[in-house]
Each structure stands twice: as structure tokens, then as C-alpha cells.
Amino acid sequence: MIEAAVAWLFSVFAISKIGLTAVFVVSFVSATLLPLGSEPAVFAMIKANPDLFWLTILVATAGNTLGGMLNYFIGYEAKQTFAKERNSRWFAWLERHGAKTMLLAWLPLIGDPICALGGWLKLPALPCLLYMAIGKFLRYVAMTYLLLSVPEGFWHRIAGWLA
């Protein structure tokens, strides 16, 4: 049953054919302002190839961080769009805490805008990149560890529902 669910997930993300490239692309796209989660692709890749755990985590981190930096550079160039929001609490918070706020770039809903606003404020790119990568790396390790600790019986029930 779990094999059927993993095969279905692989077909959706073409992981069986593309592997780490698919993990990178899905992770990159999910870090942009488009609503997509990369955790299922990362989990499926690791579940099918446990020996690629750290390589998959690093590839996903790289893709997600580069997607976050794309948001950063979009924000860097978008001064006119955000000019009216300049006095909001988000800007004050980002200015006060600086590049360290990029540790929160992994958060759903607010992580991507934080990256864009960091670019708009012209926070230093290299520290933003490093903090962003650290936060995203820790998220992938934690999420994958939690998903791998779920009993196999649960995944068999999910596979039964999908079949």
C-alpha cells in the first residue's frame, strides 16, 4: 500500500525520473509567492532513498533559499509598490531586527513576504542569504524527521485512501 502512495507521489512530481532535480525545482517554486509546499516531494524522495537523506535536505534547502532570494530581489526592486506601507509594523520590526528576521523565511504565509520586504529595505544580501538558509535547512530536517517518525501503519492507511 505504501508503495502505491509513493508511486503516486513520484508520478505527480516525476521524482522517479528526475529525482533531486524535481526536489530542487519544487523547493525553489514553493519559496516564491506561489502557493506550493515542497515537504511532500522531500519526504517522498527520502522515503524512497533513505541513503540520500542529507543530500536531499541540502538540495531542498538550496532550492528554497534561492527562491527566497528571488523574493528578496523582487522586493529590492519594488520600492514604489510598498511605499505606502512604509510606516507599518512589519517594516519597523524588520528594520529593528535586520537580516536575522530571515530565519523566519520558512514560515507559511509570512515567510515569502518577509524575504521581499527584506529586499525592499535593502538589508544586506549575504547575511539574509545565510539566515534564510539556516532557517530553511532546520525546517527541512525537523519536518522530515517528524514525518519519518510516523508509524508505517499510518502511511498504509493513507495509501489505502488514495488507491
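Modeller: In this predicted model, the volume of the largest pocket is about 370 Å³. Among the 21 residues lining the largest pocket, Ser30, Leu36, Pro108, Leu109 and Asp112 are closest to its centre. Residues are numbered from 1 along each chain as its sequence is written. Local features need pLDDT of at least 70, side-chain atom pairs count only at pLDDT 80 or more, totals for chains, interfaces and linings use all residues, and side-chain values use heavy atoms, without hydrogens and water.

Colleague: What makes a space a pocket and not a cavity?

Modeller: On a 1 Å grid over the protein atoms alone, a pocket is an open set of points with protein on both sides within 12 Å along at least five of seven lines, whereas in a cavity a 1.4 Å probe fits but cannot get out; lining residues have an atom within 4 Å of a point. The volume of about 370 Å³ for the largest pocket is the space filled by probe spheres set on the points, which are joined across faces, edges and corners.

Colleague: Why are helix 4 and helix 9 called oblique to each other?

Modeller: Helix 4 (residues 39-48) and helix 9 pack at about 60°, with axes 10 Å apart; axes are lines fitted to C-alpha atoms over the stretch in contact, and angles run from 0 to 180 degrees between N-to-C directions. Under 35 degrees is roughly parallel, over 145 roughly antiparallel, 65 to 115 roughly perpendicular and the rest oblique; the pair is therefore oblique. The contact (heavy atoms within 4.5 Å) involves Glu39, Val42, Phe43, Ile46 and Lys47 of helix 4 and Arg139, Tyr140, Met143, Thr144, Leu147 and Leu148 of helix 9. Seven of these residues are nonpolar, one is polar and three are charged.

Colleague: Which residues line the largest cavity?

Modeller: Glu39, Val42, Phe43, Tyr140, Met143, Thr144 and Leu147 line the largest cavity, which holds about 30 Å³ of space. Helix 9 provides the largest share of this lining, four residues.

Key: Helix = DSSP H or I, 4+ residues; strand = E, 2+ residues; numbered from the N terminus. Nonpolar A, V, L, I, M, F, W, Y, C, P; charged D, E, K, R; others polar.
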